[in-house]
Amino acid sequence: MERRALRRGSAGWLLLTGLGVAYVVSGDYSGWNYGLAEGGFGGLAIAMVLMGLMYTCMVFSLAELSSILPTAGGGYGFARRALGPWGGFLTGTAILIEYVLAPAAISLFIGDYVESLGLFGLESGWPLILACFILFIGIHLWGVGEALRFSFVVTGIAVVALLVFAVGAFTEFDASGLNDIPVDGEALGANSWLPFGLLGIWAAFPFGMWFFLGVEGVPLAAEETRDPARTLPKAIRWSLLVLVLLALLTFFSSAGARGSAAIQDAGNPLVEALQPDGEPTTLSRIINYAGLAGLVASFFSLIYAGSRQLFALSRAGYLPRFLSLTSRRKAPYLGLLVPGAIGFGLAAGSGDGARMLNVAVFGATISYALMSLSHLVLRRREPELHRPYRTPGGVLTSSVALFLACAALVATFLVDVTAAFIALGVYVFALAYFGLYSRKHLVAKAPEEEFAALAAAEAELERN
């Protein structure tokens, strides 16, 4: 275990808040707008509110769980305590799918951005993707403190640019453009605000998630945090507050500036919103460069999250144990290099960033349901457990998160059936490995396993 220790005390609540925003900020710049093609402005607006409610309820539940079990396992550790080894592995695998596939997809988007901006004459392709992985994994290998500070600075640039964008876009705001998508007369409940009917709301769920997808990764920094029982809940709450404000500003200002129909299929909707005549402006160029900063921030932070999830699963024996070895600087170097190699291979080999993101969303929704269920189980099974932070609303809050997470999971089949079945295929392979081998080789000294053993011993004492 000494060779599998992270650098403790490297992050306070401010850096962790920046990490939470960094996970998500690229989603404000692109991706969410495709939900307009599924549900129209009204459908996506309702989806965004419902998904925002899901994330709010879920992160308040996670804040309580992270104060109880402040380990690098994050959601996997919570599920391990509540649902046993199988539940922990199911949750950890789902999170790992999200945090391996999402950076791979974003690396492709970074390549497209660099080429479109004409930076140094570079073209999108595997050399540029490889350079992204090498550069940013190298910073993580340098040390967690340095990595989080770099992420904080880049995220700050992206957030400031979003605020500047909103100010500029609101000067061109026209409410009539919000509902300018043609109505599908055959859809149930269709009107100008819901051009694709009531089903369009449900189909827009995965895109409403883009404004918040990834914020649940903050607890993965637990073992590298100062006073995690207090710091993690605070950082999670502040991250979500910032993301809600950015989502509202970005959504309304961009749709109102140009109209929903004009940006529904745009790869760079914020830039499109600032170019009504198709001609670049000074502000649109600034936002274009800031979009690249947002992509870098999310790519960089998701690499961090994936490495910590892999580290925790490996340290406990759920995955090959050599993957949890750390360097002299206490960085899980194989936990960074192996997912990076897989991500690079997927990005360079497939070139389909949208499909990979859909697979990531599928994994994310499974983990959300299991983490919310974990909160419910622990509240009922261990009501006397010391909770430095308690979720407002208790089990009602996590019940709402569980219901909406299940609805979002089903909605992924409405958007991309192929991606959903790819994720299921990965799950079947992982479960076979766990069932046939790794569940028999778990490490008792791993923090998650020690917590579980302690809980079992306490339960036995109560029975006797």
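Residues are numbered from 1 along each chain as its sequence is written, and side-chain values use heavy atoms, with hydrogens and water left out. Because the model is predicted, local features need pLDDT of at least 70 and side-chain atom pairs count only at pLDDT 80 or more, whereas totals for chains, interfaces and linings use all residues.

The chain contains 17 helices and zero strands, assigned as DSSP runs (H or I, at least four residues, for helices; E, at least two, for strands). Its radius of gyration, taken over C-alpha atoms, is 22 Å, close to the 23 Å that the globule rule (2.2 Å times the number of residues to the power 0.38) gives for 464 residues, so the chain is as compact as a globular protein of that length. Buried residues (under 20% relative accessible area, 1.4 Å probe, protein chains only) make up 60% of the 464 residues.

Rings of Phe, Tyr and Trp (its six-membered ring) were paired if their centres lie within 6.5 Å, with planes under 30 degrees apart counted as stacked, over 60 as edge-to-face and the rest as tilted; by this rule the count comes to 26 aromatic pairs. The ring centres of Y76 and Y318 lie 5.3 Å apart with their planes at 75°, so this pair is edge-to-face. Y76 belongs to helix α4 (residues 75-117) and Y318 to the loop between α12 (282-315) and α13 (333-350), 242 residues apart, and both Y76 and Y318 are buried. F89 and F434 form a stacked pair, 4.5 Å centre to centre with 10° between the planes, which links helix α4 to helix α16 (residues 417-436) across 345 residues.

Terms used. Buried < 20%, exposed > 50% of the residue type's maximum accessible area, 1.4 Å probe, protein only.
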